[in-house]
Amino acid sequence: MSDTSLWRNRNFVSLFAAQIVSLLGSGVTTIGLTLFVFKLAGSGAGAVVIGQALMLRILAFLLFSQPAGIMADFMNRKYILIAADLGRFALLSLFPFITTTWQVYAMVFGINALTAFFTPVFEATIPSIAGKEHYVKALSLSRVASDVESVASPALAGLLVAWLGIQWVFWFDAFTYFISAALVASVAIPFVAGVHARFSVSSFLGEITTGVRILFRVPALRQALLLSFAEATAGAAAIVLTVVYVRKQLGETELTFALTMAAVGAGSSLMTMLLNQWSGRFEKGSHSDVELHALRHKWSARALLLGPVLLTAVLLPGMFVPPLWLFIVMWIGNGAGQALIAIPSMTLLAEHTSEAERGKAYAVHFALTHACWLITYPAAGWAGTLLGVPSTFTVFGVACALIGLVGWWLGRVPDADLTLAC
């Protein structure tokens, strides 16, 4: 296939467009939720409430993503994706009418329970839509789409809040989910023999742990899962604490906060494009499946270990209260470091799973990586309150360094599957 054949794949283009639209909306809501809670709870308790609300988000992921992955291997994936989008459309439409903290918690949990069904099913569908030759490029593009949430969304959220008010942030997001559902409805998701087997309660319960066994059978996947903790640590520092640092510590405006958050996505997008070019050159030429598998292991292992190094470097100076311009540069590095972990992790996961088990494997990966955020979100909120935001950045930088050292040590274990194509 030519390099442009992926863009001639109508199903992939429609699915990719659906992801961009929905992520643009959800990114706007992330900024809107942070500002909404900051005003509702006050600056003193704002970080704690934000951390707890985001913790409930992750709890929803953990509770529902594994059943969603199993359902993806028994049911029509298109119907799951459309139902999740329409459900989120309905809930987001009601968000502006919230008046108390407990209502924020309930709504965040409900919306993200539906996201827990959508995301792993969507990720499991990409390889089968793109094809084996192009799924690394498709995964990279999917990451770029995720970075739209962090680049364009904060700026758009700032404009919506300034011009129309916070409620329009949530209504905008609701509309994007409706558009996403329409785009997904136009996609022909291929049937794969063995995936849509007959569903039964006994088979459902019997396969609950299958995804865990798939992920832990490969040393490289175990290493990637550990390093996801560094990604979650740096990500939580950005999402939970940036609003307090920019608004309270530096005394800047809401629009400045939104643009500062965009720096994280800009760094992630830049690194994703660099990785895509690097991996393309690395894999260039005619290779057998075994050779291609080994090459992808090689570049993924290198990128994975660079991630925590970069995250440590950008978080450690936080205790010195960097000025806004330097803080923005640090947050560009924060996004780049997260991408250095996320892209290789998803590449390795696609390399080591077959289509028949991909729904379960992606659901477990989604749940386990987000379990890290279940710890780091509230930790960022409480640490920011007890230690101060600048010191918390440095403490989280030390944590990234320790995680990176353990990940490097795990990487020394020989991977018996390195020369075997899955």
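Analyst: Axes are lines fitted to C-alpha atoms, for helices over the stretch in contact, and angles run from 0 to 180 degrees between N-to-C directions. The model is predicted, so local features need pLDDT of at least 70 and side-chain atom pairs 80 or more, whereas totals for chains, interfaces and linings use all residues. Residues are numbered from 1 along each chain, and side-chain values use heavy atoms, without hydrogens or water.

User: At what angle do helix α2 and helix α5 pack?

Analyst: Helix α2 covers residues 77–94 and helix α5 residues 167–185, with axes 8 Å apart. The two are roughly antiparallel (over 145 degrees), and the angle is about 165°.

User: How many nonpolar residues are in the contact of α2 with α5?

Analyst: The contact (heavy atoms within 4.5 Å) includes Leu 81, Ile 82 and Phe 89 of α2 and Trp 171, Phe 175 and Phe 178 of α5. By class, this contact has 4 charged, 2 polar and 14 nonpolar residues.

User: How far apart are the axes of α8 and α13?

Analyst: Helix α8 (residues 219–249) and helix α13 (residues 389–411) pack at about 170°, and they are therefore roughly antiparallel to each other. Their axes are separated by 9 Å.

User: What percentage of the chain's residues count as buried?

Analyst: The chain has 13 helices and 0 strands, helices being DSSP runs (H or I) of at least four residues and strands (E) of at least two. Of its 422 residues, the share that counts as buried (under 20% relative accessible area, 1.4 Å probe) is 56%.

Conventions
Angles under 35 degrees count as roughly parallel, over 145 as roughly antiparallel, 65 to 115 as roughly perpendicular and the rest as oblique. Ala, Val, Leu, Ile, Met, Phe, Trp, Tyr, Cys and Pro count as nonpolar, Asp, Glu, Lys and Arg as charged, and the others, Gly among them, as polar. Buried means under 20% relative accessible area, exposed over 50%, partly exposed in between (1.4 Å probe, protein chains only).
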